[in-house]
Each structure stands twice: as structure tokens, then as C-alpha cells.
Amino acid sequence: MNEKNPAWRNDAAPKVTGRARYTDDLKFHNMLHAVPVYTDYVHARIMEVDASAAMKQPGVVTVITAGDVPGSVTFGQIIRDYRMLAGDKVRFNGDVVAVVVAETRDQAVAAVKLVSVKAEEMTPLLDPEEAMKPGAILVHELHGSNIVNHHKVRRGDADKAFKACDHVIEQEFRTQFVEHAYLEPETAVAVPRPDGVTEIYASMQHPFSTRRFVATLLGVSLADVEVRTVPMGGGFGGKDDTASVVAARAALAAKITGRPVKMTYDREWSVRESYKRHPYRISYKMGFSNQGRMEACQIRVVADAGAYCSVTPWVTWRSTVQCCGPYDVPNVHCDVYGVYTNNVVTGAMRGFGSPQMNFAVEQLVEMAAERCGMSPTEFRKRNMLRQGSVTVTGQKLDGHTVSLEQALDSTLAAAGYHEKYGRCSFGKAEGDELYGIGYAISYRGMSLGAEGMDFNSAVINVQFDGSILLEAAVHENGQGAESAMILICSDELGVPKERIRYRMPSTANIPDGGTTVASRGTIMGGGAVANAARSLKSKLAERLAPKLDCAPGDVRFKDGHIWGKDDARRMAWPEAMNQLFLMQEYPYSFGTFKAPQVTWDERTGQGNAYFTWVYGCQAVELTVNSKTGRVKLLNMVASHEAGKAVNRPMVLGQFYGGMAMGAGYAMFEDVGIEQGKILNVNFDQYRIPHSTDLPEMTAIIIENHDPASPSGAKGVGEPTNELMAPAIANAVYNATGVRRFRLPIRIEPRSGGGRP
Amino acid sequence: MITYINGRRHELNVSDLPKNLLAFLREELDLTGAKKGCGVGACGACTVLVNNRPVRSCRKTVADIVDRNVLTIEGLARGDGSLHPLQQAFVDAGAVQCGFCTPGMVLTAHAFLLANNNPTREEARKAISGNLCRCTGYQQIIDAIEAAASHYR
Ligand code: FES
Ligand code: FES
């Protein structure tokens with residue numbers, strides 16, 4: 001912590017005192033409780049859902065099934081395949097066939113087991129490779145195939161190039177299902193308002209998406225639903241579809257009963273039903289010359305989408321664009337498939353398709369370096385993207401600073417990599433502790449890219465005493481988005497942050513700004529805030545210039561004042577605002593920020609995929625006990641491009657949290673699924689990093705101005721979470737002399753004398 | 001039967017005794033600072049102090065607090081509403097993100113600092129090892145505990 005610069009966020013005091021009210025802390029008069037009903041099936045045709053016995057239980061008000069839905073029971077952000085209440089088939093073990101609504105939550109839970117389901121069991125499709133084969137039974141008949149999507153990159157001629165390569169490495173990699181493990185499980189309260197609007201309070205990260213799910217299930221228009229935001233206990237990409245579906249079910253129960261309804265998930269339900277990080281099977285072939293020049297890559301990826309599409313096409317698209325890591329490769333042939341199975345649904349999770357690819361690529365480049373008799377750093381430097389380089393999708397990296405080498409050099413210097421690399425054990429040590437240091441690098445396209453609609457808006461509404469109400473279509477997921485918006489506004493207007501209140505946005509008073517994912521909150525929302533502030537300033541300058549004896553172009557905003565030419569005259573901000581009201585002018589502005597144009601040709605996989613990029617490098621030191629196989633992390637170092645760190649301590653928090661989550665991904669997180677059923681449904685079995693699993697961490701913020709971002713800021717939430725797994729894999733290799741191609745990395749205790 | 005919660009005396013009924021402590025605090029006393037993250041004693045979000053020792057309220061019943069002093073996060077701030085130095089340290093260190101783990105984390109740290117007012121970072125790290133945080137990687141939480149220690153000396 002920097003003593004002189006204590007962290008600041010607008011919501012910290014309520015959170016440390018317990019005064020912050022999260023969704024489950026809310027109570028409404030006459031409120032009912034709803035709980036989901038699951039079945040034992042993984043894949044089955046539903047014949048009948050009989051709730052008559054459950055209905056008669058004490059306190060039970062109603063039991064809702066698919067037949068009670070006034071709107072459409074299916075929805076989805078890309079493909080409308082998600083059954084908010086399963087009626088025709090059970091497609092995975094987390095499908096909900098009914099919702100029990102009762103006076104108390106305990107009464108609702110008690111009645112669940114009395115809902116009986118008659119169904120005809122079907123063979124479950126659990127292996128995506130099997131599911132892709134022609135003739136496989138279909139998870140969604142209407143889709144016509146189990147292949148959700150197929151993205152490609154076609155660049156140069158990989159086949160031909162391989163023939164000319166001095167070396168070719170072929171390797172398979174596998175990654176696992178991962179749980180987001182936000183500390184707060186899904187929860188929603190729906191309140192029917194007298195004017196007919198359904199009001200929603202929920203733990204979700206996309207109020208506008210939630211509104212679409214709710215309106216669809218209820219069969220009402222978007223204006224008939226108002227989604228309000230409340231503090232929420234973590235998202236990491238995981239509180240979109242499932243969280244929205246929970247809100248939609250609560251809304252349906254509220255609509256049917258005419259009373260407020262709360263639906264709060266137990267952890268077990270959350271893990272069972274919520275979507276996960278995609279497991280990938282990656283077949284990678286990399287060709288390179290004796291001089292360590294990467295010539296060709298051929299890649300085939302099969303991602304298990306689970307039972308519903310969710311955002312699988314977008315997640316796998318990012319994997320496609322970033323399929324070769326941050327390297328200049330002239331010949332690329334890449335095929336990435338998302339495939340339906342009867343496993344748990346997979347979707348957005350912090351990193352969004354990049355952690356899997358980085359795990360493969362960043363090990364491969366080190367394997368290649370070894371083949372060439374070159375250091376890993378030398379090999380990377382011969383191939384890495386630099387200012388003006390062209391990516392594998394044909395995008396020229398200019399217009400922003402390509403800070404990849406800067407990130408690499410600063411991380412390795414801080415970690416002391418070059419001195420320590422020579423001390424690595426490579427399987428041989430005096431005692432039992434094998435030592436290794438390793439690192440990985442990446443680049444990342446900012447925001448959504450060609451994945452979708454990418455714009456945002458903000459409102460600055462100044463009151464006549466000079467205080468400010470600020471609002472942006474960005475959601476506070478816990479990352480400090482609101483504080484960042486306030487700081488950007490304060491900086492632009494030269495008004496102290498204490499005078500600015502962030503107005504909790506509701507879907508009823510700000511236009512749809514898309515989802516707060518893809519590390520786009522600060523860049524997109526901040527861009528809108530900066531643009532709103534700028535348009536407000538030009539309006540103010542216009543009006544106040546005469547009073548300041550200068551031309552509008554000379555007016556400046558700083559230190560709580562508005563200044564004339566050369567600071568000759570000034571007005572205090574509150575006085576100036578008062579003046580404006582006297583002129584019958586509102587100091588009010590609406591700003592938007594549209595992501596600059598991106599392009600994509602789905603056929604060739606070529607285009608300017610993202611409007612700007614960030615770069616990063618992470619290193620780790622560890623020991624592996626050669627007897628027990630136990631890995632101990634000694635320290636972790638990260639450097640990432642942040643454009644401009646708007647709220648430094650919060651940016652550091654993103655670094656630390658991202659590295660920690662990456663370490664869990666590398667070492668032990670693994671949703672165990674057997675025959676389509678999740679075994680580890682709570683924190684006593686699903687292990688996320690505890691404080692004692694982690695070492696001290698060092699964070700290095702790189703700041704290069706990016707003209708594409710109005711506020712100067714770029715996102716750091718996801719880049720920080722995409723590198724620790726390959727860094728650990730490389731360090732484990734340097735310690736043990738054995739490569740691990742599967743996540744999580746498991747090192748068997750030694751039996752006999754071999755290397756672990 | 002009585003208990004003391006945040007310094008206030010509460011009469012308990014026999015019918016209260018078997019109730020789950022977390023549910024009792026949240027539902028009946030509206031002390032919603034304690035959170036339910038898992039319900040099985042594995043995350044620490046529901047931590048409250050009983051006679052200055054951290055307990056997981058999701059695994060306790062009201063019977064466990066008879067004649068005891070219970071401190072919940074609502075009782076830690078000063079009487080005038082200003083933050084306790086430990087809470088301030090959490091704010092200043094950037095130790096708060098989503099905040100769902102925060103009440104349990106602050107209370108665990110408080111109990112720890114009452115017992116050890118000059119800890120090393122390693123000791124602080126061990127002290128919070130039973131409290132899960134998915135957001136922060138714990139680094140700034142440990143910073144906060146370190147910074148607050150002098151106020152306990
Ligand atoms: S809710 Fe009590 S330990 Fe998790
Ligand atoms: S701050 Fe989110 S879990 Fe700790």
C-alpha cells in the first residue's frame with residue numbers, strides 16, 4: 001500500500017461496515033420465496049411434471065412449470081436455445097423443471113422432493129468429439145447439428161510451409177471445466193409494481209441482458225421491466241445468462257402470485273446450474289526454422305459448450321483470433337469448434353477463451369526454443385509482435401503502443417529471471433525441493449471486437465449547487481467500476497470527486513450499454529463519461545466565456561474552478577453552475593462512446609478484429625517437492641498495459657486477483673463431472689486458492705497513452721487472468737524436467753526413483 | 001436466557017435455541033452483514049466473533065451464543081458511526097472489491113490482531129486462510145492487516 005495515496009472507492013465504507021445491502025439482504029412486505037426443482041437426469045425426454053403433492057404442502061403458494069409461462073420459455077444472447085424452465089427435455093443435470101413458491105424458503109425447499117418427474121432417459125452425449133460425428137443424437141433438434149459454431153483462420157499456406165520447416169512439434173493440450181466461484185451465489189428479487197412494471201433486484205453483471213431474459217419469459221416489452229442494480233458479490237463473467245434466468249424465474253413467480261418473490265440460490269444449486277469456463281481440447285502443430293523463426297501453425301480446437309449455447313461462439317472466436325499468441329506467424333490454419341453436449345453449460349469467464357490457448361502456445365514456444373538450442377526469451381523476441389507488426393488475422397498493430405517487449409522486460413527484470421533461470425533444477429536437486437522459474441506473455445484485443453454491439457453512454461447532470469449526478473451504463477461487479485467513472489469525471493471537469501455521486505443505474509434511465517464483461521467497463525464506460533464531460537465543458541465554455549472575458553476556446557476547468565484566458569479570471573464551480581441555471585441552461589450532458597470500426601471475414605478469419613490491444617507478461621517462481629509432488633509458489637510478478645491507471649489501487653487489485661485466479665486454474669481448480677453430474681458442488685470440495693496457497697505478488701502497471709480510448713484507460717481485468725497457468729506450467733517444467741499438457745497440473749507423488 | 005450481540009443484551013426463547021445462527025442474525029435481527037457463501041463452513045463469509053473468537057455462524061445454532069458476547073460486523077464501527085481503524089485500513093489498502101467476503105474477513109482479522117498485535121505478513125496470511133476471497137488475491141487484505149496492527153498495540 002502506498003501511504004500517501006490511500007485507495008478510494010465510493011462503496012468501500014458501506015462494504016466494510018456491513019451496511020451495503022446485497023440482493024439477499026433485501027426484504028419486501030409480503031415477500032414469497034422461490035426455489036428451483038432439478039431432476040436426476042442428464043438427458044431425458046420429459047413426459048410429465050406432477051406438482052400436485054407439492055402444492056398441498058404447508059406454505060406452498062404455487063409450483064410453476066414450463067406450461068405456466070406466458071411469454072417464450074426459451075431465450076439466449078446468440079442462439080435462443082436456453083430453456084428457462086425445461087419442458088420438453090432435460091439437456092443437462094442443472095436443468096430446472098419447476099419452481100416451488102412458498103411463504104418461507106424452508107417451506108419451499110421442503111416441498112421440492114414432492115415434485116415428481118416422469119421422463120424417458122436418453123443416452124447422454126458427454127464427449128464433444130463424439131457429439132461432432134455425423135449421426136450423433138442431437139442435443140437441440142432444431143439446430144440440426146451439435147456443432148454450435150466453427151471459426152477459422154486461413155493465412156498463407158500452412159501445409160506447404162510445414163514441409164520447408166526444420167522442426168515441427170505436434171502436441172495435444174487439454175483444459176478443464178472451471179467454476180467462477182463468485183462468493184455470492186445467484187439471487188434475485190422481483191417486485192410487481194402497481195403500475196404493472198416488474199422491478200428486479202439481482203446479483204447479475206448485465207442489467208440489460210437480465211431485462212431481456214425477464215421480458216421474454218413474461219411476454220412483455222422491455223419497458224415493462226425495470227432492472228435495478230444493487231451491490232453484488234463477484235461475477236468474473238459468470239453472472240450473465242444463469243443469473244438472468246434466476247431473475248426471470250423470480251419475475252414469473254411474482255407475476256403469477258402478484259407478490260414480491262425472492263429466489264436465492266444455495267451454493268450447491270449455483271455450481272450445479274451455472275455455466276463454467278469451457279474445457280478445450282487443443283491439437284497444435286507448430287513449425288519453425290533452426291534460426292528460431294515460427295513459420296506455420298495448424299490448430300484444431302474442440303470446446304465443450306455443454307447443453308446450451310450461451311456465448312460459446314464469442315468465447316471461441318477470441319480463441320481463434322488469438323490462436324497463435326502474440327507472435328508473427330505467416331502461415332496459419334486454425335479451426336475452432338464449439339460443440340453441444342449434455343454436460344454443464346459453458347460460457348463467459350474472465351479471460352474468455354484466451355487462458356486455454358495461452359496454456360498451449362506459451363509452452364510450445366518454450367519447447368521450440370529448446371529444440372533450437374535457444375533461450376525461451378530469445379525465441380520469443382525473434383517472433384513477438386512489435387510496433388507495426390501484422391497479426392495472424394491480418395491486422396496491423398499501429399495507432400497504439402505495442403508494449404509487449406516492455407511488459408516482458410519489466411517482468412523478467414523484477415523477477416530476476418535471467419539470474420534465476422540457470423538455477424532451475426530440471427529434475428535434479430540435492431534435496432527434495434526442485435526449483436523452477438517460468439513466465440508467459442500475451443496480447444489481448446480490447447472489449448468485444450467483432451463479437452458484437454460495442455457502445456456505451458453516460459449522463460452528467462449537474463445540480464445548481466454544483467454537485468454532480470453521474471450515471472453510466474456500466475455495472476459495478478465489485479471491480480470498482482463506479483469509482484473509476486467518478487474519477488474520470490472528476491479529472492475531466494476539475495471538480496473534487498467528493499462532489500460527484502454515482503447514480504445506481506437502472507435499465508429505466510440509461511440506454512442499453514451492453515454487458516460489463518470483456519474488460520470493457522473502464523474503456524467503454526469511461527470513454528462515454530469522458531465524452532459527456534467534454535460536451536458539457538464546451539457548452540459551459542460557450543456560455544461562460546463572456547463572464548470570463550475570453551473566447552470559449554480559452555476556458556479551462558481545474559481545481560474546482562472555471563478559468564479564463566491565462567488564468568486571469570476565474571469562477572468557482574458552484575457559482576458557475578448557479579449562473580447557468582439563472583441563464584435557464586441545464587448543465588447536463590449525455591455522452592456516448594462507440595468502439596471504432598472493426599472488421600471480420602468469417603470465411604477466411606481475416607480482419608481488424610479489435611480496435612485496440614493490450615500486452616502483458618507474468619512470471620512465477622516455485623518449488624516442486626519431488627517426493628510428494630507438492631507445488632509451492634514462491635512469488636508471482638505481472639506487468640500489464642493499462643493505458644492509464646484511473647484508480648491505481650483498484651488496478652493493482654485486478655492484477656492480484658487475476659494472478660490468484662490464474663494460479664487456481666493452473667494448480668487445482670477442476671469441476672469434476674461424472675456421467676454428466678457435477679461431484680464437487682461446494683467449497684469444501686471445489687478448491688479455490690486460499691491465502692496460504694498464494695505467495696507475495698508484484699504488480700507493474702504499464703501506461704502508454706492510447707488515442708483510441710477517450711479516458712486513456714484500457715482494461716486489465718482479464719489479461720491479468722490469462723497468463724499464470726502457462727507461467728506455472730513452464731516453471732514446473734524447469735523444476736521437474738517434465739512437461740504437463742493438462743490442466744490442472746497434477747504431479748503424482750514419486751514412486752521409485754524417476755522424475756516427478 | 002440471554003446473549004449479548006454487539007454489546008446489547010438480548011433475551012432468547014427456548015424456541016430460538018435450535019435455530020441456525022446465521023439465519024437468526026440475518027432474518028430475525030436484520031444483521032445482514034454476515035453473508036452466506038457456502039453454508040457448509042468452508043468459506044468464512046458468515047464469520048462472527050463469539051467471545052472474540054471467529055466462528056462460522058452457518059455451522060452454529062443460537063444455543064451456541066447463550067451467555068456469550070457476539071460481535072458482528074455491524075458492531076465494529078465506532079459509536080459515532082466512524083470506521084474502526086481496521087475498517088479504515090481495509091478501505092485505504094484497496095482490500096475491498098465485491099465486498100462479499102469483507103465482513104467475515106474484517107472480523108477474522110480483528111480477532112487475530114487482538115491476539116497478535118505485531119504480526120508478520122506470513123502470520124497474517126495464515127490467520128485469514130479460512131476465509132475465501134475470489135476477488136483480491138488477498139495481497140491488499142494482508143496489507144490492511146499489517147497497516148492496522150499498530151492500532152492494537
Ligand atoms: S457460509 Fe459459513 S462458512 Fe461459508
Ligand atoms: S472482495 Fe470479493 S470475495 Fe473478497
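This is a predicted model: local features need pLDDT of at least 70, side-chain atom pairs count only at pLDDT 80 or more; totals for chains, interfaces and linings use all residues.

Colleague: Which residues in helix 10 of chain A meet which residues in helix 18 of chain A?

Modeller: Residues are numbered from 1 along each chain as its sequence is written, and chains are lettered from A and ligands numbered from 1 in the order in which they are written. From helix 10 of chain A, the residues are A:Pro355, A:Asn358, A:Phe359, A:Glu362, A:Gln363 and A:Glu366; helix 18 of chain A answers with A:Ala725, A:Pro726, A:Ala729 and A:Asn730. By class, five residues of this contact are nonpolar, three polar and two charged. Contact requires C-beta atoms, placed from the backbone, within 7 Å. Ala, Val, Leu, Ile, Met, Phe, Trp, Tyr, Cys and Pro count as nonpolar, Asp, Glu, Lys and Arg as charged, and the others, Gly among them, as polar.

Colleague: At what angle do helix 10 and helix 18 of chain A pack, and how far apart are their axes?

Modeller: Helix 10 (residues 354–371) and helix 18 (residues 724–736) of chain A pack at about 30 degrees, with axes 8 Å apart. The axes are lines fitted to C-alpha atoms, for helices over the stretch in contact, and angles run from 0 to 180 degrees between N-to-C directions. The elements themselves are DSSP runs numbered from the N terminus: helices are H or I with at least four residues, strands are E with at least two.

Colleague: Is the crossing of helix 10 and helix 18 of chain A left-handed or right-handed?

Modeller: The crossing is right-handed.

Colleague: What makes A:Glu718 buried or exposed?

Modeller: A residue is buried if 20 or more other C-beta atoms lie within 10 Å of its own, exposed if 12 or fewer, and partly exposed in between, with C-beta atoms placed from the backbone. A:Glu718 has 28 such atoms, and is therefore buried. A:Glu718 is placed in the loop between strand 30 (696–702) and helix 18 of chain A.

Colleague: How do you know whether B:Leu71 is buried or exposed?

Modeller: B:Leu71 has 21 other C-beta atoms within 10 Å, so it is buried. B:Leu71 belongs to strand 5 (residues 69–71) of chain B and touches B:Asn6, B:Val48, B:Leu49, B:Leu76 and B:Leu107, leaving aside residues up to four places away in sequence.

Colleague: How many residues of helix 5 of chain B are buried?

Modeller: Nine of the ten residues in helix 5 (residues 139–148) of chain B are buried, and the helix is accordingly described as mostly covered. The cover includes helix 17 (648–667) and strand 30 of chain A, together with helix 2 (85–93), helix 3 (102–115) and helix 4 (121–127) of chain B.

Colleague: How many residues does each chain bring to the contact between chain A and chain B?

Modeller: Chain A and chain B bring 44 residues each. On the side of chain A, helix 17 gives the most, with eight residues. That side divides into 22 nonpolar, 14 polar and eight charged residues.

Colleague: Which residues have the most contacts inside the largest nonpolar core?

Modeller: They are A:Val100, A:Ala247, A:Ala250 and A:Ile728, in a core of 302 residues. Helix 17 of chain A gives the most to this core, with twelve residues. Such a core is a set of buried Ala, Val, Leu, Ile, Met, Phe, Trp, Tyr and Cys residues joined through C-beta atoms within 7 Å.

Colleague: Why is one side of strand 3 and of strand 13 of chain A left without a neighbour in the sheet?

Modeller: The open sheet has seven strands in the order 3-7-1-14-11-12-13 (chain A), with mixed pairing. Strand 3 (60–65) and strand 13 (225–229) stand at the edges, each with a single partner strand, so one side of each has no neighbour in the sheet. On average, neighbouring strands are turned by 25 degrees against each other, direction ignored.

Colleague: What pairing joins strand 11 of chain A to strand 14 of chain A?

Modeller: Two strands pair if DSSP finds at least two bridges between them. Strand 11 (residues 187–192) and strand 14 (residues 261–264) of chain A have four bridges and are antiparallel; A:Ala190 has A:Val261 as its bridge partner. Strand 11 and strand 12 of chain A are likewise antiparallel, over five bridges. Strand 12 (residues 198–202) and strand 13 of chain A run parallel, joined by five bridges.

How values were computed
A crossing is left-handed if the near helix is turned anticlockwise from the far one by less than a right angle, and right-handed if clockwise. Two residues are in contact if their C-beta atoms, placed from the backbone, lie within 7 Å.
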